[in-house]
Amino acid sequence: IMLVAPMVALLLAADQAAAAAAVFVAGALTDVLDAHLARPRGLVTTFGKLMDPVADKLLIGGAFVCLAIIGHIAEWVVAVILAREGLVTGLRAVAGRRGVVISANALGKAKTGLQTALILVLIVVPNPAAAWVDVLIAATVAITLASGAAYFAGLIPWRRPAVAVSGSG
């Protein structure tokens, strides 16, 4: 979370792409280190469970918003990504109130990887309008939508079954 403000400032400053990329990578690496150090050792805390996804959303969301502001990505792409994150976060909150933890699935992990790669590309590539960048953006949007849909379509074991209504139809 502490790296979000410097990353935003560097992304919005002229000629600071390398520094912005370094700060973004440092922030992303904290999440990787958490997965490989804290979890296997049982060092998971309630605070960490709450703040880890918040930190991830702030880092990724902040980067995408800044990249839209500086014209490196279309606003609609950022809106799709942020809407998915908000909806899944809301779903997890509702599930949490019911005592259900919804863990990240393979699509969600792939989504995070593609979003991270896309952000780095958009920060450091001098011509983000290249065709291969458009392909990466399309793939990122597709996996973002697919992973979000997976949470709502099949990964809600606690949802209530539909109530059958008798009568003429």
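How many helices and strands are there in the protein? The count is 6 helices and 0 strands, taken as DSSP runs numbered from the N terminus (H or I, at least four residues, for helices; E, at least two, for strands). Along the sequence that reads α-α-α-α-α-α.

A word on the ground rules: this is a predicted model, where local features need pLDDT of at least 70, side-chain atom pairs count only at pLDDT 80 or more, and totals for chains, interfaces and linings use all residues. Residues are numbered from 1 along each chain as its sequence is written, and side-chain values use heavy atoms, with hydrogens and water left out.

Of the 169 residues, 32% are buried (under 20% relative accessible area; exposed is over 50%, partly exposed in between; 1.4 Å probe, protein chains only). Take contacts (heavy atoms within 4.5 Å) between residues at least 6 apart in sequence: 71% of them join residues at least 24 apart.

Now for the charged side chains. There are 3 salt bridges, meaning a side-chain nitrogen of Lys or Arg within 4 Å of a carboxyl oxygen of Asp or Glu.

| Salt bridge | N to O distance |
|---|---|
| Glu85 and Lys57 | 3.2 Å |
| Arg84 and Glu85 | 3.3 Å |
| Lys111 and Glu85 | 2.9 Å |

Lys57, Arg84, Glu85 and Lys111 are linked in a network this way. Glu85 sits in helix α4 (residues 75-97) and Lys57 in helix α3 (residues 46-69), 28 residues apart. Glu85 is buried at 8% relative accessible area, while Lys57 is partly exposed at 27%. Arg84 is buried too, like Glu85, and Lys111 counts as buried at 6%.
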